[in-house]
Amino acid sequence: MADWIIRSKLKPSVRLRKLVVREPLISRLNGTLKARTAIVHAPAGCGKSTLLAQWQERLEQRGVPVAWLSLDDYDTDPFQFLTYLMQACTEGSFCDGFEFPDSPQSFSGAPALANRAAVVTALGRCQGPHVVILDDFHRAGTEEIHDVVNTLLADLPANVHIVISTREYPNALSLADLRVRDALIEITQSDLQFSEQDIQAYLGSLIAPTDPTDWARELFERTEGWPIALQTVRRWIREGASLSDTLREISGRSSDLVDYFLEQVFEKLDRNERRFLLRTSILERVNGELGDLLCKGKGSWEMLENLERRDLFVNSLDRDRAWYRYHRLFSEFLQERLRRQPDSLLRELHGLAADWFNDQGHVTEAIQHALRSQDPEMLADILEQLGGWHYALRGHIGIVERVLQITPAEVTQRHPRLWLAHIFLTVRLGELELAQREFALFAECYLKDDSTDRQLQCEGQIMECLIGRYGDSTVSDQEIRQLQDLSEILSPDNHVMNAVCSNLLCALYGRLGQLDEAIAAGDQAILHFREMGSLWGEVFIYFHEGFAYMAQARIRDAEALYREGYNLAVEQFGEDSDSAAIGRAFLAEVAYEKNNLQEASQLLERALPHIERFDAWIDVYLAAYSTAIKLARASCDKQAVLEIARRAKSTAANRGLARLARAINAYLLIFEQNDRIMQQDSWSAAEDFHLNPDPEPTDPVMRHLSSSVAARDLLLAGQFNEAITLLKAEAEQAHRGKFIRSFITLSLLLATAHWKQGQHEAANAAFEAALLPALFEGLKRPFIDEGAMLAGVIGELTLASKKRRGNRLREKFLTELAVEIDGAGQKKQSEHSSLSPREQQVLRFLTQGHSNREIAEAMTLSINTVKFHIKNIFEKLAVNTREDAVSATIRRHLL
């Protein structure tokens, strides 16, 4: 053989890459000097030779002699192998001048044994640690070579260490005893794969600062840290490809990797191995039974074990080797080649896999393969076995949607619980009328006959109630009793339906303000959701319970529950999920009530567009739109108020939510009442909203909202006694029903009515009644929102309250409240900013009913100076009397 060929075998065939030095692996290889030997086995392209070349360089720097021998398909002759081995040792500066005792005439018998003995004797003379590296050992792995290496492993002195690099685990070598004696260092594919940190070090210098920060994680997931794939990525980027294009394009279907897989792996397999790998590549995991089924033969267990042993990108998933998987990129490569087969074969393979997984109880994989088989009957049968809408309620909505998309209506309707899933998804999309029609057909088919399965009848009743909740129908005692009865009838182990039943009761009790009952029902629902492992359902219980607390003005408890549900939604389903958007809507309402307007605005900015397009229910829409419209009002953005009102009305019309439309009408009326905004040209469009609240006596919240509108009408008309009578009754009713948030607003209006009637002590009592529940919850916004109607009342009552002293928390809250009310007023008076600070101070005393002399004494001014300021105020406000000045102040939010 030519000298240059021999020399090429005696040094690493890879160009030493120093971009990433695998320090942990080099440290493990250093352990070989204390052990007997080491083996590095992994598939092609995993960086075995690169790692050993780096280690060789380190050893030589330490003065440890290293012999390197790269083997090939022609190195199967024992004498030739030993010859090259000794030449490698000579190249590594040990065993100089070695000669074999005989030139072999044959490769068996005494001469061969003599040659082995001569090699062992020569290497035995070495002093200190010496290392022999046999690279690409799989290429010369014949029985004869295995015998030679076993002799060396057994007979070489302890200071001579053999290190083997191979794509196939060499079972014929006597390694088991070494492993038991802890004399074997073993490095595998999982050790050689690049970690995210390795990828960062290898490619970081090529990544632009503007690229996404999680690029290394995504690249690790796409390539599973396979070095040859990362080398391809590096080359692409250096040639000008963007990171985003690279992340999108790198796969087992990429031409560069296809060529590598073909040349290094696929074309070296026999026909049966290729057929096996192609047919089983449709599976995320494979075992021998599935292999036999898809290949219509036997021997798949042995095939898998053999492929894994040969490091052909096949790895066992457990110690018992019950399941195997293929490397992601290799699987993609195989699937791409399989796609060239007829479509009928693909559908047949997926159908066989679906049947097998379904029989074994692996439902997720059964559905995935059934979807790819495009067999509607199979899909419907599997989903029906899983309970149809039960499966959706467990959090698998996306899968159920995909199944229904390819399942004809007549097939769906033959499977009652799948039909209920279709109805459920229809109502979630807001298509209420369609859902009601579908349910009427369902009831006609399955519920009119007493012979129908009792559990199915219960599910039908639950669906009917669920449709009512999405449609915001009136809550009735009969509906609650019906759900209570169902919870007694349902099988205790039917956790899905028990959870939904308790969930509905939680929502209904919450709407009625029955907090204890709502929380008890919610806790029961959570137990069932946890029993069936549905975090999706648990999220919504937190929202329902938080809603009940919110109605009672228990802001801290509501926020804690909303936050729990939101965090769980983000963790389990992602930032862009429906449940995360719903959580943001509820948290925005909490932030607004605490006067954290910027936080509320940021939360709604993401939540509102999402829930308008996807799934929510009346409570979510009320929280989101009422908060949004109040935020726009607080920002003095009249056009934004109108736009939000239009969006709310559109949602209400599309989803059949009449109560939402009435609530928005009520808020618009309140805005008009508080500052007569309809008298301004920019509000001429408000008449499009038909501002007539339609009280719904059975709905406490709407009743309280309508009552506050009526009370404001009475206040503006000067009918203070009538307003007091109305507000007393409504406030008492709200308090009895534990609707404390409504009670606070009604009490503030009552304080205003008493004050305007000159009943200051009663006004103070009403104000204190509103203050008490708000104080400990940090509930500020009701006071700020009613600041214009209260005019000088809050300031005077705050001053009177401060004089009592006593509770520092109370004093701090009142001080903050006064400042924030003034801040809101100053924002709204920007169009009248010509009033000087002194004029504003005089105007404040005017609105509080003080005489010129009282103002002069309070401000330490002369009466003439006060008169001068009042004259300027009248001119700037374009009024002629004190009464007109006070009216203008209230209408324009000047204070």
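**Rings and charges**

A: The charged end of arginine 234 is placed over the ring of tyrosine 202, 5.3 Å from its centre. A charge sits over a ring if NZ of Lys or CZ of Arg is within 6 Å of the ring centre and within 35 degrees of the ring normal. Arginine 285 likewise lies over the face of tryptophan 323, 3.9 Å from the ring centre. This is a predicted model, in which local features need pLDDT of at least 70 and side-chain atom pairs count only at pLDDT 80 or more, while totals for chains, interfaces and linings use all residues. Residues are numbered from 1 along each chain as its sequence is written, and side-chain values use heavy atoms, with hydrogens and water left out.

Q: How many aromatic pairs does the structure hold?

A: Rings of Phe, Tyr and Trp (its six-membered ring) pair if their centres lie within 6.5 Å; planes under 30 degrees apart count as stacked, over 60 as edge-to-face and the rest as tilted. The structure holds 26 such pairs.

Q: Which parts does the pair of tryptophan 419 and phenylalanine 442 tie together?

A: Helices (H or I, at least four residues) are DSSP runs, numbered from the N terminus. Tryptophan 419 lies in helix 24 (residues 416–428) and phenylalanine 442 in helix 25 (residues 432–446), so the pair ties together parts 23 residues apart in sequence.

Q: Are tryptophan 419 and phenylalanine 442 buried or exposed?

A: Both are buried (under 20% relative accessible area, with a 1.4 Å probe and protein chains only).

Notes. Helix = DSSP H or I, 4+ residues; strand = E, 2+ residues; numbered from the N terminus. Buried < 20%, exposed > 50% of the residue type's maximum accessible area, 1.4 Å probe, protein only.
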